[in-house]
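The sequence and structure are shown first.

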Amino acid sequence: MKILAFAGSNSEVSINKKLVTFVTSFFKDDDVEILDLNDFELPIYKNEREIKDGIPQPALDFAKKIDDSDLILLSTPEHNGNFPAVFKNLMDWISRIKGRKIFNGKPMLLMATSGGARGGASVLEIAEKRFPFDGAEILQTFSLPKFHENFEVEKGILDDEKLKELKEKIDKIKSELA
């Protein structure tokens, strides 16, 4: 299985990238590619820009990565209760590619984490409602609250209950896609 993993963040120290990278460790037998949104920098979407210059190559490249995958692992931060501007802008550009939806029917494990007790609950709720319209087949969702208390890069998720929950969700996804 070809897995595309990324955080909806351009932060150099993204906790969501740390989470999604950890989650890829449960897919050792699969072909996993971890993307960094910094490698797909785009101008802010503007209709006049699209008319004048077309869709920028980084948006086309990212869309191809989605198309070539069998499963998407996405962890998105919550900025003021919504997606970060960099991720929303990427989605805006990809949505302008003729004849496609952003996620083009791909199955997804949708995640979020934050330093707070809600673990990105607001952005997860928005994504759960929005992404199916954008072509995502959300198989499972996962939220890790209090990231700095519940995660270490060397060890992963420290909270036993949250780790068990994640493993169960990954097992369900693997059995569904087998």
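## Parallel strands

Strands S1 and S3 run parallel and are joined by five bridges. Helices (H or I, at least four residues) and strands (E, at least two) are DSSP runs, numbered from the N terminus, and two strands pair if DSSP finds at least two bridges between them. The model is predicted: local features need pLDDT of at least 70, side-chain atom pairs count only at pLDDT 80 or more, and totals for chains, interfaces and linings use all residues. Residues are numbered from 1 along each chain as its sequence is written, and side-chain values use heavy atoms, with hydrogens and water left out.

On to the next strand: S4 and strand S5 (residues 137-144) pair in the parallel sense over seven bridges. The bridge partner of Ala112 in S5 is Ser143. The chain crosses from S4 to S5 through helix H5 (residues 121-130), and this β-α-β crossover is right-handed.

## Enclosed strands

Five of the five residues of S3 are buried, so this strand is largely enclosed by the rest of the structure. Buried means under 20% relative accessible area, exposed over 50%, and partly exposed in between (1.4 Å probe, protein chains only). In a regular strand the side chains alternate between the two faces of the sheet. In S3, Leu71, Leu73 and Ser75 point one way and Ile72 and Leu74 the other, and all are buried.

Strand S4 (residues 107-113) is likewise largely enclosed by the rest of the structure, because seven of its seven residues are buried. Pro107, Leu109, Met111 and Thr113 cover one side, while Met108, Leu110 and Ala112 are buried on the other.

Gln140, in strand S5, is buried at a relative accessible area of 18%. Not counting residues up to four places away in sequence, Gln140 touches Met108, Leu109, Leu110, Lys169, Lys172 and Ile173, where contact means heavy atoms within 4.5 Å.

A nonpolar core is a set of buried Ala, Val, Leu, Ile, Met, Phe, Trp, Tyr and Cys residues joined through side-chain atoms within 4.5 Å. The largest core has 29 residues, of which Phe6, Phe62, Phe87, Ile94, Phe103 and Phe131 touch the most other members. At least two residues of this core come from each of strand S1 (2-7), helix H3 (57-67), S3, H4, S4 and H5. H4 gives the most, with five residues. Apart from this core lies another of 22 residues, among them Ala5, Leu19, Leu109 and Leu163.

The buried residues of H3 are Ala59, Phe62, Ala63 and Ile66. Seen down the helix axis, they fall within an arc of 100 degrees, taken from the directions from the axis to the C-beta atoms, so they line one face of H3. They pack against S1, strand S2 (31-35), S3 and H4.

## Salt bridges

The structure holds 15 salt bridges, each a side-chain nitrogen of Lys or Arg within 4 Å of a carboxyl oxygen of Asp or Glu. Lys2 forms one with Asp31, the closest N and O atoms being 3.7 Å apart. Lys2 lies in strand S1 and Asp31 in strand S2, so the pair ties together parts that are 29 residues apart in sequence. Lys2 is partly exposed at 26% relative accessibility, as is Asp31 at 45%. Lys2, Asp31, Glu33 and Lys65 are linked in a network of salt bridges.

Lys169 pairs with Glu165, with 3.3 Å between the closest N and O atoms. Both lie in helix H7 (residues 160-177), four residues apart, about one turn of the helix. Lys169 is buried, with a relative accessible area of 16%, whereas Glu165 counts as partly exposed at 24%.

Technical notes. Right-handed = clockwise from strand over helix to strand, strands pointing away.
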